[in-house]
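Subject: Structure handover and findings

Dear colleague,

Please find below the structure that I am passing on to you. My notes on it come after the display.

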Amino acid sequence: MDRPQPRTRLRGLHRPRIQGTGGDRVQLGHPRTRFPLTNHQDPPAQLSSSRCRLEPSKRHLLRPSWVSHPQTSEKRTTMSNVAVIGLGIMGLPMAINLVKSGHTVTGFNRSQDKIDKLVSEGGKGATSIADAVKDADVVITMVPDSPDVEGVVSGKDGVFANAKKGTLWIDASSIRPDVAKRLSEEAVAAGIRPLDAPVSGGEQGAIDAALSIMVGGDAADFEAAQDVLNAVGKTIVHVGPSGSGQTVKAANQLIVAVNIEVLGEAIAFLEAYGVDTDAALKVLGGGLAGSKVLDQKGQKMLDRNFDPGFRLALHHKDLGIVTSAAREANVAIPLGALVAQLVAATVNQGDGGLDHSGLFKQVLQLSGRK
């Protein structure tokens, strides 16, 4: 029996046919002008020809794979139960921003007033680390140093012993890369998914949810943490396996410390010559000398206002990490080593509680100026 002919026919075109077993390539047109649709960015001339006369209701049958389709659904944010351990200068505003983003946030800190502040912002308070993490999907730790992180996650009262299997652990602290790698291995053994994710941007960056976050760990775990990381940061980059985030943070602290030192020297130099320092910093900030350090720390030096956004004591600790790691890698950091000594001297003189822009005090002292 003859098959009935369709009422609509294509003239000058061969019918599409599937080539290969995978069905991922289509041949269309004259045999000498066949092309794989998946490799074309622009529509073929045949499809735009006036000789193609399909009824409007059937033209979608010829729509190739490279034609975009309207999105029928919006990307949804996954809300999580998040425990934040360490509600200090950085941890508290990060926890508050997580609350604002719709996550359920439970915080724990050694001082009760910080917990109370989080509760007043819509979060929950915990009586212990174990209490904070027991129902958490994600645990964030933000504490000062390597021993502090170990104390928080290890032991019968720590994160590893009390968090659910499969919980994401994001360590936002700045610690030694070798410690981060070792703790990540312990986390995996406990059924926890670790990410080392130190942050940069200071207190203001934490308040504004504009932190730069350098993340080490498994790529799949990084993807799973996106909704939480996006609530606290702006520039979020996966930089490699466990320990890589802390290595990049050490490099960050080296750059920042050297910048703070030379900015302080430049301001002391300008003041010695009686220059309008406000105007000077404005024009310097618009040229090659411009930097975020100049933008955020220059006015603090001019005002002699060293209220802590990031304490010198913590930067002193970070520079210890840098110099130690550089020595192990046989990398020379002469400027970094010198600035590390200047920071150490400032801390030893009792100024460890100042913002790291307080390194300017050491510059003034060495110059014999107030």
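The notes below go from the whole chain to its cores, its salt bridges, its loops and its surface.

This is a predicted model, in which local features need pLDDT of at least 70 and side-chain atom pairs count only at pLDDT 80 or more, while totals for chains, interfaces and linings use all residues. Residues are numbered from 1 along each chain as its sequence is written, and side-chain values use heavy atoms, with hydrogens and water left out.

Overall architecture

The protein chain contains 16 helices and 11 strands; helices (H or I, at least four residues) and strands (E, at least two) are DSSP runs, numbered from the N terminus. Of its 370 residues, 44% are buried. Here buried means under 20% relative accessible area, exposed means over 50%, and partly exposed lies in between (1.4 Å probe, protein chains only). Among the contacts with a separation of 6 or more, 61% are between residues 24 or more positions apart, a contact being heavy atoms within 4.5 Å. The accessible surface is about 20400 Å², and 52% of this belongs to carbon and sulfur atoms. Accessible areas come from the Shrake-Rupley method with a 1.4 Å probe, and for residues only the protein chains shown count as cover.

Nonpolar cores and aromatic pairs

In soluble globular proteins, nonpolar side chains tend to be buried together. A nonpolar core is taken as a set of buried Ala, Val, Leu, Ile, Met, Phe, Trp, Tyr and Cys residues joined through side-chain atoms within 4.5 Å. The largest one has 57 residues, and those touching the most other members are Leu98, Val133, Ile140, Val159, Trp169, Ile170 and Ile213. Helix 2 (residues 91–100) supplies the largest share of this core, six residues. Leaving aside residues up to four places away in sequence, Val133 touches Ala83, Ile85, Val139, Val159, Asn162 and Ala163. Another core, of 30 residues, lies apart from the largest one and includes Ile260, Val293, Leu302 and Ala326.

The count of aromatic pairs comes to two. Rings of Phe, Tyr and Trp (its six-membered ring) pair if their centres lie within 6.5 Å; planes under 30 degrees apart count as stacked, over 60 as edge-to-face and the rest as tilted. Phe160 and Trp169 form an edge-to-face pair, with 5.3 Å centre to centre and 80° between the planes. Phe160 counts as buried because its relative accessible area is 12%, and Trp169 is buried at 3%.

Salt bridges

The whole structure holds 13 salt bridges, each defined as a side-chain nitrogen of Lys or Arg within 4 Å of a carboxyl oxygen of Asp or Glu. How far apart are the closest N and O atoms of Asp355 and Lys297? The distance is 3.2 Å. This pair links distant parts of the chain, 58 residues apart: Asp355 is in the loop between helix 15 (334–351) and helix 16 (359–366), and Lys297 is in helix 13 (residues 292–303). Asp355 is buried, at 0% relative accessibility, and Lys297 is buried too, at 11%. Salt bridges with shared partners also join Glu150, Arg182 and Glu186 into one network.

Asp221 and Arg193 meet in a salt bridge of 3.5 Å, N to O. These two residues are 28 residues apart and link distant parts of the chain, Asp221 being in helix 9 (residues 219–224) and Arg193 in strand 8 (residues 193–196). Asp221 is buried, at 9% relative accessible area, whereas Arg193 is partly exposed, at 31%.

Lys117 and Glu121 form a salt bridge of 3.3 Å, N to O. Lys117 is partly exposed at 38% relative accessibility, and Glu121 is partly exposed at 32%.

Loops and surface

Ala209 has a positive phi of about 55° although it is not a glycine. Ala209 lies in the loop between helix 8 (202–207) and strand 10 (211–217) and is partly exposed, at 22%. Asn330, also a residue other than glycine, has a positive phi near 60°. Asn330 is in the loop between helix 14 (312–328) and helix 15 and is exposed, with a relative accessible area of 72%.

Val237, Val239 and Val248 make a nonpolar surface patch of about 190 Å². Patches are made of residues with over 30% relative accessible area and no salt bridge, like charges being joined within 9 Å and nonpolar side chains (Val, Leu, Ile, Met, Phe, Trp, Tyr) within 5 Å. Val239 is in strand 11 (residues 233–240) and is partly exposed, at 32% relative accessibility.

With kind regards
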